[in-house]
Each structure stands twice: as C-alpha cells, then as structure tokens.
Amino acid sequence: MTEQQLMALLPFMVLAAASIVIILLIAFRQGHTVIQVTGFLLMCLVIFAMWYVRGVLPQTIAPLLIVDGFGALFTGLIVFCVLVVGLFSYIYFEEREENPREYYILIFLSTLGAAILTISRHFMSFFIGLELLSISLYALIAYLRTRNNAIEAGIKYLVLAALTSAFLLFGMALIYMETGSMDFAVIAQRLNAAGKSSALFLTGFGVMMVAVGFKLALVPFHLWAADVYQGAPSPVASFIATVSKVGVFAVFLRFCQELHLQNNSAVMMLISAVAILSMISGNILALRQQNLKRLLAYSSIAHFGYLLVAFLPGNNTGVEAAVFYLTAYAITILAAFGIIILLSPGEKDADSLSMYRGLFWDKPFMAIVLTVALLSLAGIPLTAGFIGKFYVLTAGVEQRAWLPVIVLVITSVIGLYYYLRIISTIFADSPVTIQKERSLNQFFYTASYAALVVLTLLLFGIGVMPAVIIQGIKQFLVIDR
Amino acid sequence: MILIWMIIILLAGGILCWLLSKSNSPAIKWIALLAVLIDLVLLLNIWLQHGQGLTANTGNWMIQYQSAWIPSFGISFHVAMDGLSLILVMLTFFLGTLAVLCSWKEIEKRAGFYYFNLLWTLAGITGVFVALDLFLFYFFWEVMLVPMYLLILIWGDKNRRYAAYKFFIFTQAGGLLMLISILALYFIHGAQSGTYTYDYLSLLGTRIDPSVAKWIMMGFMIAFVIKLPMVPFHNWLPDAHSEAPTAGSLILAGLLLKTGAYGIIRFVLPLFQQYAADIAWWAMLFGVIGVIYGAMMAFAQTDLKRLIAYTSVSHMGFVLTGIFAFREIAMQGVIMQIITHGISTGALFVLAGMIKERLHTRDISQMGGLWSYMPAMGGAAMLFTMASLGLPALGNFIAEFLILLGTFQANPTFTVLASTGLVFSALYSLRLMQKVFLGPPNAPHKVNDISGREFIILAALSISIVLLGLFPQAVLDVAGKVISNKLYVIR
Amino acid sequence: MASYSVLAVAAILFTLGLIGVLTRRNVIFILISVEVMLNAAGLAFVAAGARWGQPDGQVMFLFILAMAASEVSVGLALVMQVYHQHKTLDVTRLNVLKDDIDIQEIKVQ
Amino acid sequence: MHQTLSLIPALPLAGFLILSLLGRRLPNRLVALIGAGVISAAAIIAIWLGISFLQAPPDSGAYSVELWRWMSVANFNCSFSLHVDALSLVFVFVITFVGALIHIYSAGFMKHDRDYARFFASMNLFVCAMLLLVMADNLVLLYLGWEGVGLCSYLLIGFWYETTANVQAANKAFYITRVGDTAMAIGFFLLFRELGTLDIPAIQKLAPEHFTSGSPIITAIALLLLAGGMGKSAQVPLQTWLPDAMAGPSPVSALIHAATMVTAGVYLVARMHVLFQLSPLVMSITAVIGALTLFIAGCSAMVQTDIKRILAYSTISQVGYMFLALGVGAWSAGVFHFFTHAFFKALLFLAAGAVIESLHHEHGIFKMGGLKNKMPLVFYTFLAGAAALAALPLITAGFFSKDQVLWYALSANGGNPLLWIVALLGAFITAFYTTRLMLVVFWGTEKTHVGELPGRLMTLPLVILAILSICAGFIEWPHNMLHITLFSDLVQKVLPPVVEAEPVPSEALFQLIAVVATFSGVFVGYLLYRKNTSIIESWKQTPAMVWLRDFFYTGWKFDELYNILFVRPFVFITQLNKQDVIDKIYAGIVSLFQRLNGIFSVSQDGSVRTYVIGVLIGIIFILALQLIL
C-alpha cells in the first residue's frame, strides 16, 4: 500500500471517519445543531480532500478499488447531494421533534457505501458498497417509524432489496464461475480470450441486472419506487433519488465500460429494451398521479430510462452525457424535494398536489424554484434539464439508436403533460395557504433558502452556460485515460 | 451586437416589471411599453441605415454577431439580420407595442408578472427571427413557449388550462422532432467536413444522401407546419387563440404562426432544396386543404375568437401553398401575407377583445347591431374584415394576389382551388360583420365607442394595412433580394 | 465438472428460496426464504472458487454471511415495529401505500 | 393634364376621407355640400377633359399618367397609373355627370336620415372606385376598382343595416359578384402566364400576336373574364342578386344598380374586346347570354308589383341588350346603349324614389295610382324615362340605341335571326311592362295619400335627366336616316367598327317591325291595364297563368335552385363539422393514454407480493431475451 494510494483514498477515509465522529458526538451528548454543523464541515472536508488529492489520480488499489477521475467525479456529485440533503434534513427533523442524531450516522454510512461503489473495480467492493448503502437505507427509510407508513415502506424496500441482492450475488457467482475472476479488468481479459461471450456469462449478467435495475428503479423492477418515495421521510427520499442511484449507476457504468459490453449486441438489446420500457411506463404511470412524491418517483423511473439511452453508445459522448445528465437530474430533484421539505407542515409531508394550488401567489419564491425544477425535468430550455436531454439525444443520435431516441421524444411529450399539470396547479387562482409553524432555528431556514437559491441558479447557469460543467467533466474523465 | 441588445432590453424590461409587481404601480405598463418602443426605434434606425444598401447587395446580412457559446458542441451565439428577418422583427416590435397597449386596461391583476411574460415571449420570438445557429434557433423556439403558456394559463378565459396544455404539447412535440433532425444534420455535416457545428451558414453546404434527408427534413417540416398551422395539425390554434387574453391572441396570430412560415423559408428550403421540391406537391395540396377547411370551419363558428382563429388557418394555407410554389412572385406574396395577416387578424382579435370587454361574451349570437352603438369601431371592423377577405387596396390583397399569381405558374389546379378561398373568405367575413355589427341592435346595455387608447391602436393598424396595400413595394424591395436568391425559387 | 453440479444444486436452492418468497405471507418466513437464496448464492461462489482453485469464493461467502446477518437484524427490528403497529405479520396486509388514482381528467371538449 | 387626370378619382376619394373620418361632427348641410361638391367638381373636370380630348385628341389616342409603381416582383410589374381613351372617357363622363346629379338629388332625398354622412361617404367612395375601374391602365388596378365598387354596393345596399333583410341582400350581392370576380381573377392569372403582363395597352398589342384565334387557352381566358362581367352586370345565371339589391336607398339603385356599376361588365368586355374577338365561341356565348338575360328578366319584370323591382328587372334586361350587342360584335352599339340607358334608367329610379318618398315608403305599384295630377313634374319626367325605356321611335334616346342593337343582332356577322327575334320579343315585353307601370302608377284612382312633394334639390336632376333621356340619342342616328354618328366616331377610336354580314337586308323594314313590336307592346299594356282589366281577373282564375305568373314573379325560381344546389349543402356541411372532427383524433389519443395510465397503475397495488412477481417477470423476461439472442 503505497503512500500515494493512501493519499488517493483520503477522501473516502474522511467519509468513513465522518460517521464515527458523529457516533462520538452522540456519545458526548451533543445536540442536533452541533452534529449537523460537524457533518456539514466533514462533507466539505471530503470535497476538499478530493480536490487536494486530484494530483495523484488515478490510483489503483489492487484488487478492490480504483480511484480515478471517473470515481472522483461521481463521489463529488454524491457528496454534494449529501450536503444539500443534510441541510434540508435539519429543518425536517427539527419540526418533527424526532431524535435525529443517529440519522446522520446512517446517512453518512450509506454515503460511504455509494462512494465505494463509484471506485470499485471488483465484485467484492461492488457488493460491500451496495450492501453498506442499502442496509443503512432500510433503517433510514423507516426512520420516522410512527409517521406516514415509514415502516411499511421500509419493509417493502427491505424485502425487495434483500431479494435482489441475492440475485446480484448469484449473478456474480455465475460470472465468477465462467471467468474465474471477480476483477472487472481480468474478467474483461478472459472474455476477450474466450472470444464470444458465453451463455453462462450472459445469464450471470442478466441476473445481476435485476439488482441494478432494482436500485435504479428500472422497469420491471421499479414497482417499489413510488411506495418508498411516498413512505420515506422526504430527505431520505431525495437521498434515494440521488445518492444511491448515482452510486449504483457509477459502478454499473464502470462495469460495462471495463467489459466493453457496449459492443455486445445481446446486452445492448437488453439494456435498450429496459430503457424503452422504463421511459414508457414511467411517464404513463405519472400521468394522473396526484401525489407529488409518487409523481417524482415515476418521473425518476422515466429519467433513468433516458439516462440508459445516453449510456448505450459507451463512447466518451455517452459517458459525458450520462454524467452531465445525472448532475442536472440530481440538482433538479434536490430542488424539488427541497421545496417539499420546506413546505411540509409538522405532521405530514406536503405531497398532495392540492397543497400546491396557487402557490405562486402565496409563496412566489418557492413556486418559482419548483417550477424551474419541473421545467428542468421536462427538459425546457434555460434549465439544466434541457441541456441534459439535448446531450442524451446527441449521444443517441450519434449512435443511430433511432428506436430509443424516438421513444424518448414521444414519451417526453407525454411527460410534458403531468409537469404542466403541476405547473398549472401552482399558477392556479385561489391559493390555499399551507400554514406551518416556524421552527425556532431561523439560521437553518435561511441556510436552506440559500441552498435552494444556489440550486436554482445552478439550474439556470448550467442551462445557459453549460460549457463550464462540460469542460470540467471532460477534464475529470481524461484523468483515467 | 445591437441585435443582442434588443433581446436583452426585452428580457431586462420583463424582469423589471416583475420586480415591481409587488407595488402594483402603473409604472409597470410604462416600462413594458418603453422597452418595446426602444427596440422599435433601434430597428427603424437599422432599416434607415441598411434599407437602401440592402437593395444594392443581394440580400447579404446587414448585421451579424457571433460569439462562442458551447464550443465543445460547436454551438455559437450567432445572430444576424437580413431583409427577411428585418421585416419579421419589425412586425414583432410593432405588434408587441400594440400588445402592450391593448393589455393596458384589460390586465389589472398581477400586471407585473403579465408584462414579464409578454416581453419574454417577444424576446423569444425576436430570437427565433435572428438566430443563425440551429441550436440557438431551437433554444429560442422553446423559450418563447413557456411565457406564452403562462399568459394563456393565468390570464386566459374559462377553458384556459386545456388550451394551454394543448398549445404547449403540440408545439413541443414538433420541437423535439426538429431537435432530432438538427442533431442528425449536425453529425452528418460533421462526418463530412470534420468540423462539428450548428452554424447555419456552414450547414448550408451539407450533402445528405436522399434516404436520410427525407426524414431529417420531415423533422423540421412537422415542427414548422404545426406552428403554421397546417391542417390536420391545427387543433391547438382555435383553443389557444380563443382562450388567450387579447394581447396573447394578437401575438399568437400575429407572430407565433409566422415563426413556422419563417422556419420553412429560412431552413427547410435552403437546407433541403431538392427534397423540398419533392414534397412540394403534397405541401401545396395541404395548403389548399387548409385554405378551404379553415374557411368552412370559420363559417360555422359562433364564438367570435374561434371564428377569427379559423380564418388564420385558412390564410396560413395560402402561405404554405405559396412557399412551395417555388416562384419568386409567390414567395414575395408569402412575405406580404405573413405581415398583412399579422396585422389584419391581429386587429380582428384586438376588436374581439374590445367587444368582450364591453359585452363580456364571445358568442356572436348574443351580439348584433353594434354599429349603431359604436360606429367608429364598426368602421374599423369593416376595414379589417374587408382586409381579411382580400379587398384590393388593402395589404392582404397584394399578398394573396401575388401568391396566387405565382402559384398559378407552378400548379394551376391548386391555384384555382385556392382561389375559391376568396369566395369562402367573403362568406365568413360578411357573416362576421352581419352577426356582430349589423342587423337589429341587440346589446344588453349601452356600450360606448372606442377610447383614445383604442383609437391609437386601431389607427396604427388601419394605416399600416392601407399603406401596405397601396405601397407594398417598400416591403417587397426589402425582402426581394433575399427571396430572389436561387435557394428559394426555381427559375 | 463437480463444480457445475454444485452450481446446479445452488440454482435449485435459489429457486426454492424464490418460491418461498413468493408463496409466504409472513414477513419472517419471507426473510428466511431470502436467507436461503443468499446462501444459495454463497454456495455458488464456493463452487466457483473450487472450480478455479481460488480462496475468493470462500471469502465472498464470509462476506455474504456477515451481510445476511446485519440485514436480518435490521429486518427483525422492522418486523417488530410492524407487529407493534399493525398487529400482524402478513405482508399482503401492508398496502396503505399504493396508487389511488382519483379520476381527475382534463376536460376534452 | 396629368394632375387633372388624377384629380378626377382623387376628389371623390378626398370627399370620402373627410366624410368618413369627421363626417359625424359636420352639419348635414356641409356634408351634402362636400359630398355632392366633390363629384360635381370631378364632373366638370371630366367634361373639360372630354372637350379637350375631342378638340385635340392625343396622338397616342389616350391620356395616361403613372402615379406610382405599385408592385414589381420578378417579371411582374404593375403601376398605379391611369389611362383615359375614348371608351374610358364615355364612362368617366357618365359616372361623374350622372353621379353628380344623383348626389344632388340625394342631398334632398336623404335629408331625414341620421347616417347622412355615412351615405355620402360611401357614395363618394363608390364614384372613386368606379372611376378607377374605368381609368385603370392595368387589370390589377381595374380589379381594385372592380372590388371597390363591389364593396360600396355592399355598404349601400345594406345602408339601413338594422333590418336583417337588407343586410342579407347586401351579402347576397357581394357573394354572387365575388364568384364572378374570382373567376375573373383566375382569368388574369392565366393571362399573365401567357403574356407576362397585365397592362391593358400591352395586352391589346401582344394578344393578337400571341394567341391563335379560337385556341382553347384564349377561349378559357375570355370565358373567365366574361364570367366576371356577368357577375357584376347581373347576367344569367348570376343575376339573382340585383332585384334584392333594391333594398338600398333609391339614389343608390339609380347610381350603382342602374347607371354605372352594373355596366362594369360591359366596360370590361369592351375594354378586352381584343381577347374576345380572338375567340368567336365566347363572342357568341356572350350574345346568347345577353339574349337569354334580356328575355328572362323582361318576363319577370312584367309581373312584379314592387316598383323598384320592376325597374331592377328591366335593368337586367337592358344590360342584356348591351351584352347581346357586344356579343355580335356591335361594340359601339353596346356602349351607346349603356350611354342612353344610364340617363333614362337613372331618371326612372330617381323618379320612383320621389314617388316612394312622397307615398311614405310605399313600394307596391297597386297601392299607388292617380299620381298624374298629384305630382305632375314627377309624372312628366317619369313619362320621359319610360318612353325612352320603351324606346318610342325617334323621340327618345332609348330608341336610337336599342334600334342599333336590334339591327346588328341580325345583320352583324356575329348575329343571326334567332337572336334578333328574341331581342324583338324583348322590345315588345319592355314596352308592355313599361306601359303597365305607367298606367298603374299614374292613372287610375289615388290609393295612398300623397305626402310632401320632392323639393327643388330632387326635381332639378329629374328634369336634366329627362331632357337627356330624350335628346341623348340625337348624337347617333341609324345610318339609313340622317347621317349623324358622333358617338360611334368617338368610340371607334378604340373599338373596332361592326362587321356586317353579307348580304345586308333592307334595314328600314326591320326597323319598322321593331317599331310595330314596340307599339303593340304598348297597346297590349293599355288593353290589359286600362281598357278592360277583366282579362287579368280571368287569368287569376286559370291555374296555368297563375303558375306562370308565380314562376316569373320569383325570377324563374333561380333563388330556390341555388338554395338547393349550393346554400343548403354548404351550410349543412359546415354545421355538421362545427366541432372540428379532427379534434376527435387528438381527444382520442388523450383518453387512450389516460386508459393506459389506469391499466399501468394496477401494478402499483402496494402489495409486496405483486412487486416480487414483478421482479420474477423481470428476470424471466431477461433470461428469455438472453435465450432468444
């Protein structure tokens, strides 16, 4: 283990340390605020560390991990999301007078899991990261055990997650059986040596797809998404929507990259089929949904369908597109959930659409943020979502993947309808005012508002001046070449 | 650079209005008005500068401005203005000014946000007319959509939600198809020349193999004919027009429809000339169908604004037919039609708005004999109905005459069919006059004639329509050098 | 070749577990069936390791055991809560969260 | 000269602008002064112009002036320019002169109307448009005037717009003429495609070189132009609008629907005679249509009871004479008949207007009667007009023009006996219904009390027109009598002389026959409506006659025919598709997706078991896919 490798792992160590630090703080009877602030600083520290060690990248920590630009990029995105989620969580839990301390342990643990996924190059690290992520998620989802059916959501997620990880393991076992290695690179070599990909390998991959599909909520493994989003506390829901999906997608992308699966017609066929199914059913399911959290769940199903379209080419454009899309998507979804959290009155979440009637005339700021987020999801210009969709389409057209592209277009037209439905509700007359008691801590309100402002500005900024981000992504991605 | 400033002024003005919306002060209106007027003046200045030189050098770009935007995609912020754009932008600002004026009294609640949307729509439209980078074009194409949607959604009439959805979704559906086509073009050109760019001027040279080209062109065409609108893609129009507030209808009819025609002229014909020639027959056919179908629908309507909306369908049918005749005369006619239809139909919508303000209904069966209450408005209405049925000495006649004259050389049969549109237009126009202004007086209460502000609006419109009818050459010259370009016409 | 037959056994086990998950209504039994599936996967790993004469298979199995344990512990905690709140362990009774589309259609004139 | 030329249409235009913009603020007296003044001024200028034209004809044969370049696109150029030759001059004179008289008359006639200004504005606009029509040097400008007069006719027929019937009459007039106009426009397009220009002088020069006589293309062009003319001039089958057009005030009927506008068709055909001469077929069609029209309309005129409708039908039939003349190639005869007809028909309408006004807006002739002594001046002027209409020989203008028409219908090489017989029959009918009108209205017993008599403003024009309808004919005598042919000398600067077919039968004989026909018409009229009216009573019992009367009365049932053929089907279809059928498609799509949504969300039933099944399906699906590939 060279010193450089240690250096490269520094951010992840900090991340791991974070949860321990929190445990200690709790042991020392520190209050919510302290923990919150510490957590915030630690996350900033992670990002700083990432920036600090960028020089030594890429580093391979054989056999399990590889820290390269790719990983750094996704980790950065994940940590950013956690920062925002954490910020929102404070108010959310303060208003519910729950004891939120352990919440932070769990959230940092699962973040660590996601982070490990982004840098894993081996089935074991893949598996460990995934389980770290999901096991802490079970607890997180059910964290507010007395409230809006969190438990039910938790059980559902638990059963299905456990089931699918069994599939994952079995698939891994099959591939291991076939290739005699769990190291992505080695597997790739063996496969090339074998020439054509064997049935056993394909089966294995297919079985693994179940787990991946589950975590990314791809059709037909998407059924849990809506219930869990609805049942889980809003911050956790946003966490699932962003962090866990980013992490899993990262490792999936790396896996396919390493094995050059994009050249494997069977796999591509499978993936595009899944993509098309997800786009269609996601959008159709959302059409008449009245519950905002469920609706976001469905739209996220559709969006990961779009994302797979970008994923299809497997060339640089594809990866860039995917990363960019994820970034835009994460920011958008965080903004949307931020609004939900801030509007949620103490007892329950503000998830029924009727609560947003005429919001614009009551709380213009929030309404604008939400509207921008929705427009971004719908992919309307001036917002990041548009550039994202544009990027994805570019990748798709470049690959001449006409069928998925056409489906993408048609479904996003269908999708327009429900985004417009929310927007028209927001701008409808006769506003209903959501009365919600201001909690004591004004500071965190301003902080959250600030966060929302930042997110919105980011949405616009990326939408109008995407060049900066794209350049950044490119630079990071060249690191691992 | 000046072009950018025009757009920026509108955007900034809009934001300013919005910021002031808390204090529901009259200043808002004035700011909006000022913003548009400044642009109008700037543009007039440009015309005076380049208008003459224009005739000399064959349709070159008067003004160009280009700066990198998203270099990694070869997207640049490239705007330019030639005769065609000049005319259309002129129309934009002219109607924009009137739109602000006719919202003056109509919009009381949430004025700030209203003018924000109004100005941003105008900005988007302006952008569409000057963009020379396909990505930028698409960008503006969508930008003008959202504020328009909000205009309909918030300040619209009873059935506004439905109309707003329909408007947005129809346009977006077309837009995305266009986006795909743009991308395909981008890659094909890149593969050929090695430089990946969205720049219109460099894409012009692209050679595309026929099988693909047909599809790519279809992408563009569908987007544009939905906006135009062409039967059977016209269904968003009657709802949007009839539900939108007066200014909204004015902008929809006067400007948004024109973006479709502009798109076809600017992009489809030059980029895919021979393939455009292949579909010419079908396009003209649908144009003719539009002329007749729209007229018949208009004749049946009882909702004043719906009626006018369907007349737009009919008039735009002439545009489609004229464009695909590939004759210079017809193309000039199309340009004239774009302008004059904008003015005449816009004026009719303004009048409809005024009537609605007074009678609180759009149902013409509840009107009648209004002339005896408001002779002045009646006179104006007479003028514009006559314009819309193509009475000589008014602009629309020049347009339709030139279109038909040119089209006849391309396809006599369709021209004859389209000419029946002249008869049909007489049918619905006179029916409109009869139901609304003539016949036994039938008004719930005493309604008073037009106010000073309304007089200014109507006077401006009337004068321009008459001038266009008597001295069209001024316009024809500006557009002429662009149109006579071999890209647009078959000699 | 032996390893393949072992793999076959694993596959059968896996399927049995899956069937269990499908047929059982009681949360606890479902969890147990999942355990069976996990162990089937573990067995497959061992078989694979045996085939290539590597220890990795066993190592992986250990990981699986650890994970399974932690999973079950969290799972049981949740189960307790479920029983506490709903006075039942029948998963099919846990269906408060679902799509209830109230037919609010846009008017199509 | 150029300025004066442009002044002629410019003055009425100015009048229109002033009156329409601030007419409502001006006192009636001033309005009348402006309205009538501008036209009179234009008339004076026109007369002066005519005189100078006669004294020193321009070597080009026409005064012309280009005001500005209107449109020039590619090879299509047309300028806004006026062109006055002998033919135009005749029309300009009639339009301005008769127009001026009618304006003066209106000043008195309309004085009780609250929309005084609007009336004069529209009238001025009409005169302006009509002048542009006849002075245009290219067909586009002509079309401008053409549509302009259409508009004014629409405005003035529906002048009393508060009565729905009037508005409908106005619409009807506009629709039907519009049909003709559209045909004409198509003719223009065709012409442009062939010759590449729409300038009238150019056409007259190019056409003979370009077209071979009787070629289908020239026939098509001529036919289309003719259709336009038929629309405006109310020739069969587009005549049905004119009788209804009587809904307008009487001066309007006099000016637009008798003297000027309805003869626009005559002008067009005469103006485009080059094209028509190239297509003998169309020439004969024109003649036949003229003959048909004059007969059909004459029959209807015999049984009308509304004084104005009688005159309206007689107008149609007189214009039919003009078309007949043009059709057989007797150009100057046709134009000459227009010339005389303008005077006496305008006179008749104005006089009728005076009668109606004095009888409290009573239109039915059988409610009138015995006015001979009650309003003598109107009676004498009316008599003069009626005599001219009936073409009493040698003492009326009508005779001189109609005689020529009859004669050439037979003798011109385009003519033939059949046409002549029909025309003769027409002459008989005309004489008959004129007599009937006179007798019923002015003789017999008074049935309605006579109100105030027309003032000086109204009587003066009557007198002038009466004189003219007697004397206007003396400038052109049948050439077998004394040899005065001023008129034909003038117009034959433009129009070709009539070509007579050989051998020419003895003219006097046929003139005699015609005279006999006329007098017999008068006599029959006298017999039926004065001598013993019992015959009519007996006819009222016989169903055949009743049916015939009804058939004629309704204008040969053309309206019903058109209702069944065009109006009802059109309205039916449009009403059928009121809710755009295409909209259904999109509605269908929407509901389809809403159904799909319903179906999909069944899977979201919240039970873990379902979700596990979902996973199972997924894995099966995946493996199946793997197997397939």
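# A predicted assembly and its chain contacts

Of the 491 residues in chain B, 66% are buried, a residue counting as buried if 20 or more other C-beta atoms lie within 10 Å of its own, as exposed if 12 or fewer do, and as partly exposed in between, with C-beta atoms placed from the backbone. The model is predicted: local features need pLDDT of at least 70, side-chain atom pairs count only at pLDDT 80 or more, and totals for chains, interfaces and linings use all residues. Residues are numbered from 1 along each chain as its sequence is written, while chains are lettered from A and ligands numbered from 1 in the order in which they are written.

Chain B contains 20 helices and two strands; helices (H or I, at least four residues) and strands (E, at least two) are DSSP runs, numbered from the N terminus. Its radius of gyration is 21 Å, close to the 23 Å that the globule rule gives for 491 residues, so chain B is as compact as a globular protein of that length. That radius is taken over C-alpha atoms, and the rule is 2.2 Å times the number of residues to the power 0.38. The C-alpha trace of chain B spans about 70 × 55 × 45 Å along its principal axes. Two residues are in contact if their C-beta atoms, placed from the backbone, lie within 7 Å. Among contacts in chain B between residues at least 6 apart in sequence, 80% join residues at least 24 apart.

An unreviewed UniProt entry annotates residues 131-424 of chain B as "domain: NADH:quinone oxidoreductase/Mrp antiporter transmembrane". UniProt positions are given in the numbering used here, feature names are shortened, and annotations may be inferred rather than shown by experiment. Over residues 131-424, chain B is 81% helix and 0% strand, with the end C-alpha atoms 37 Å apart.

Chain B meets chain D through 41 residues of chain B and 38 residues of chain D. On the chain D side, at least two residues each come from β1 (62-73), α5 (139-157), α6 (164-195), α25 (558-576) and α26 (581-600). The most, 13 residues, come from α6(D). By type, this side of chain D divides into 19 nonpolar, ten polar and nine charged residues; Ala, Val, Leu, Ile, Met, Phe, Trp, Tyr, Cys and Pro count as nonpolar, Asp, Glu, Lys and Arg as charged, and the others, Gly among them, as polar.

Helix α6 of chain D also holds D181(D). D181(D) is buried, with 23 other C-beta atoms within 10 Å. Leaving aside neighbours within four places in sequence, its contacts are W146(D), E147(D), G150(D), G228(D) and G231(D).

Chain D also touches chain C, in a contact that takes 15 residues from chain D and twelve residues from chain C. Both α26 and α27 (608-628) of chain D supply at least two residues of the chain D side.

For chain C, the unreviewed UniProt entry gives "transmembrane region" at residues 6-22, 29-53 and 59-79. Residues 6-22 of chain C are 100% helix and 0% strand, with end C-alpha atoms 24 Å apart. For residues 29-53 of chain C, the figures are 96% helix, 0% strand and 35 Å between the end C-alpha atoms.

The largest nonpolar core has 709 residues, and those with the most contacts inside it are I141(A), A41(C), A44(C), L324(D), A346(D) and A423(D). Such a core is a set of buried Ala, Val, Leu, Ile, Met, Phe, Trp, Tyr and Cys residues joined through C-beta atoms within 7 Å. Its largest share, 22 residues, comes from helix α6 (residues 150-179) of chain A. Not counting residues up to four places away in sequence, A44(C) touches F170(A), A173(A), L174(A), M177(A), L7(C) and A10(C).
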